[in-house]
Amino acid sequence: MKSLISAAFAPLSKQSHVKNINLPLLGEVQYLLKLSPKRRTVSLQVKSGQIVVNAPSYIHLSDIEQFVVGRASWLKSVLQKQAQLPSNKMTYKNGSALLYGGIWHDLLFNVGSDNSIVHDATTHTLTLIGPSQSLKNPSYIRRRLLAFFKQEAETLIAQRLNYWIERSGLTPTKLSFKFYKNRWGCCYQSGEVRFNPLLVSAPLEVIDCVVIHELCHLKHMNHSAKFWALNKKICGHCDETKNWLRHNHEALQLPTIKEQ
């Protein structure tokens with residue numbers, strides 16, 4: 001018994017743990033505990049309905065649980081809000097739903113040899129054409145969709161970037177693309193702007209606001225009052241865009257196969 005008690009109050013050694021805890025207002029819930037020797041504080045997040053606690057490696061489990069219990073009311077509120085957000089409907093199967101251009105589309109499969117994806121704006125469908133056996137492989141479907149979104153982004157986002165360069169007078173040194181989980185665009189000191197290709201899943205006005213946001217960073221590499229004043233001067237509805245992206249974040253993703 002002595003060893004069990006001391007273990008409960010000893011610092012945790014592993015870097016990642018899945019734990020259960022009984023919380024007021026919520027009952028028993030599961031959370032992911034991430035430990036790091038570099039951290040100095042404990043933080044609490046809710047990502048896609050999952051509770052995540054980040055904590056220093058040296059902290060005791062009892063202290064972590066006390067921290068989580070003290071925020072039970074906040075957790076309940078956040079979990080309820082996230083439960084109302086649009087969910088991701090992508091299963092990588094024929095008939096799956098996905099966002100494209102801010103509109104829900106049906107993903108359809110056709111057997112063929114040209115390995116293309118055909119967009120029909122009238123029927124709101126994306127038809128993926130490929131070998132019969134490959135169309136049964138979720139990894140293959142995901143790779144094809146990622147390639148499609150990147151190709152579409154290289155055309156559409158480049159067009160919108162040029163449009164706003166002319167109107168703002170702000171010119172980047174380079175345009176690039178990279179898939180991110182929690183980022184839609186970024187700007188570097190070198191003048192390069194980079195965008196997440198999945199941004200083409202959003203409406204055009206949302207894409208424009210993200211492009212404008214990164215262009216403004218060419219002049220102000222921060223989120224100071226001067227940055228927001230410039231941003232508002234060029235784009236007057238960025239708050240709505242930010243809310244749309246936050247509200248639809250989960251639905252815009254192409255989940256990894258292990259998340260299915």
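Which strands does helix α2 lie across? Keep that in mind while you set up the view.

**Start with confidence**

This is a predicted model. Colour the protein chain by pLDDT. The average is 88, and 90% of the residues score at least 70. Now select residues 1–13. Here the pLDDT is below 50. Beyond near neighbours in sequence, this stretch has 18 contacts in the model. Where pLDDT is low, the predicted coordinates should not be read in detail. Move on along the chain.

**The sheet**

Select β1, β2, β3 and β4. They form an open sheet with the strand order β1-β2-β4-β3. The pairing is mixed. Look at the edges: β1 covers 16–23 and β3 covers 43–47, and each of these edge strands pairs on one side only.

**The hairpin**

Zoom in on β1 and β2. These strands pair in the antiparallel sense, over eight bridges. Find leucine 23, which stands opposite glycine 27 in β2. The two strands form a hairpin, with three residues between them. Pick leucine 25 in the turn: its phi is positive, about 75 degrees.

**The parallel pair**

In which sense do β2 and β4 pair? They pair in the parallel sense, over six bridges.

**Helix α2**

Now back to the opening question. Select residues 61–69, which are helix α2. This helix lies across β1, β2, β3 and β4. Against β1, helix α2 runs at about 50 degrees.

**Two packed helices**

Jump ahead to α5 (residues 204–216) and α6 (residues 225–234). Two packed helices are described by the angle between their axes and the distance between the axes. For α5 and α6 the angle is about 140 degrees, and the axes are 10 Å apart. That angle makes α5 oblique to α6. The crossing of the two is right-handed.

Which residues meet between α5 and α6? Show these side chains:

- From α5: Ile212, His213 and Cys216.
- From α6: Phe227, Trp228, Leu230, Asn231 and Ile234.

Colour the contact residues by type. Six are nonpolar, two are polar and none is charged. The tour ends here.

Note on methods: Residues are numbered from 1 along each chain as its sequence is written. This is a predicted model: local features need pLDDT of at least 70, side-chain atom pairs count only at pLDDT 80 or more; totals for chains, interfaces and linings use all residues. Side-chain values use heavy atoms; hydrogens and water are left out. pLDDT is the predictor's confidence in each residue, from 0 to 100. Contact means heavy atoms within 4.5 Å. Two strands pair if DSSP finds at least two bridges between them. Helices (H or I, at least four residues) and strands (E, at least two) are DSSP runs, numbered from the N terminus. Axes are lines fitted to C-alpha atoms, for helices over the stretch in contact, and angles run from 0 to 180 degrees between N-to-C directions. Angles under 35 degrees count as roughly parallel, over 145 as roughly antiparallel, 65 to 115 as roughly perpendicular and the rest as oblique. A crossing is left-handed if the near helix is turned anticlockwise from the far one by less than a right angle, and right-handed if clockwise. Ala, Val, Leu, Ile, Met, Phe, Trp, Tyr, Cys and Pro count as nonpolar, Asp, Glu, Lys and Arg as charged, and the others, Gly among them, as polar.
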